[in-house]
Amino acid sequence: MEGSIWLLACLVCMLPTGSFVRTKRDTTGNSFNTEVHSAPTQRWSMQVPAEVSAAAGDAAVLPCTFTHPHRHYDGPLTAIWRAGEPYAGPQVFRCAVARGSELCQTALSLHGRFHLLGNPRRNDLSLRVEHLSLADEGRYFCRVEFAGNIHDRYESRHGVRLRVTAAPRIVNISVLPGPAHTFHALCTAEGEPLPALAWSGPVLDSLSTARPGPGQGHDHQVTAELPALAHDGRYTCTASNSWGRAEASVYLFRFHGASGASPIALLLSALGLKALLLLGVLAACTIRRRLEHPVTQDTPPRPQAQESNYENLSQMSPRSPRAATCSPQGAPRPPPSTCAP
């Protein structure tokens, strides 16, 4: 009886152990089969994010990695980035890798601001864009080309969208004349997100008088118009978005002459008065300079006669046709008959 119980206990212990070993062997065998038989063949693919965001003035990185159907490729290849649209968009960057090398020699970099960050030999075409501006916003597409015996090439179809953010900036503010001697003001600002514009000024009923103008939606710019300026003074345009605000002002001053007077005549009168005042100031300055610095005429000195020990006697001796001369002092004198006493 005891022997039967012991045999039954041994059978109970062996059954779970055998089941565990068999399950482990089956599971391991199935996983190996899956890896060997069901592994898909490597194909061309591009991995890029949907969007990259950066602020204007900063740098942005556009990631791009790829796979290809070749187990090992060591031949020459070219890395290309396009902007706008795939296959036909303008190239902004291009570099080439020689056979057996990992260095990609840059052949094109638009404005010198595009630099390869990845290693094409290691399936990485990531690009760095420096000194961003609002004009850089858009979609970019990476492309790789194999050369030599294998002429394979592949380009991303959807690309990565570069979104550039920027604080508002007033591009232009002005006051323009309208019909029947009226005036209106225009304010144009840019930024991303598109800024909201508001006018403020003397005796404005409400900010709702500012309405969108013709420049809205053009290259991250928006324009607001103040249709009628009823009072002289300072008018201020304020642009704001989630990144900041900016403002600029313009002044309006109109001539208020007598009834029936032409604005052109008033303008000419004002200009003539200014010209007369300017001439008077110049004349006063000229007179003052003459009084402070009198003008004296410089007369050249008269030449003085040189002193001489000789005398020129012009009297002629009645006895001789030639004039008699006197010898200088110290010289032997001629006979008394030839020199006057």
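Predicted model: local features only at pLDDT ≥ 70, side-chain atom pairs only at ≥ 80, totals over all residues.

Which handedness does the link of Cys95 and Cys104 have, right or left? I looked it up: with 90 degrees about the S-S bond, this link is right-handed.

Residues are numbered from 1 along each chain as its sequence is written, and side-chain values use heavy atoms, with hydrogens and water left out.

**Entry: the search.** I searched the whole structure for disulfides (pairs of cysteine sulfur atoms within 2.5 Å) and got three. Then I numbered the bonded cysteines of the protein chain in sequence order and read off the pairing as 1-4, 2-3, 5-6.

**Entry: Cys95 and Cys104.** Back to the pair I started with: its S to S distance comes out at 1.9 Å. I also checked burial, where buried means under 20% relative accessible area, exposed over 50% and partly exposed in between, using a 1.4 Å probe and protein chains only. Cys95 has a relative accessible area of 1%, so I put it down as buried. Cys104 is at 13%, which also counts as buried.

**Entry: Cys64 and Cys142.** Here the disulfide has an S to S distance of 2.0 Å. Its S-S torsion is about 75 degrees, so I noted it as right-handed. This pair links distant parts of the chain, 78 residues apart. I found Cys64 in the loop between strand E3 (60–62) and strand E4 (65–67), and Cys142 in strand E10 (residues 138–146). Strands here are DSSP runs marked E of at least two residues, numbered from the N terminus. Both Cys64 and Cys142 are buried.

**Entry: Cys187 and Cys237.** What is the handedness of this one? The torsion about the S-S bond is about -80 degrees, so I wrote down left-handed. This pair links distant parts of the chain too: Cys187 sits in strand E13 (residues 183–192) and Cys237 in strand E17 (residues 233–241), 50 residues apart. The sulfur atoms are 2.0 Å apart. Cys187 is at 0% relative accessibility, so it counts as buried. Cys237 gets a 0% as well and is buried.

Definitions and conventions. Helix = DSSP H or I, 4+ residues; strand = E, 2+ residues; numbered from the N terminus.
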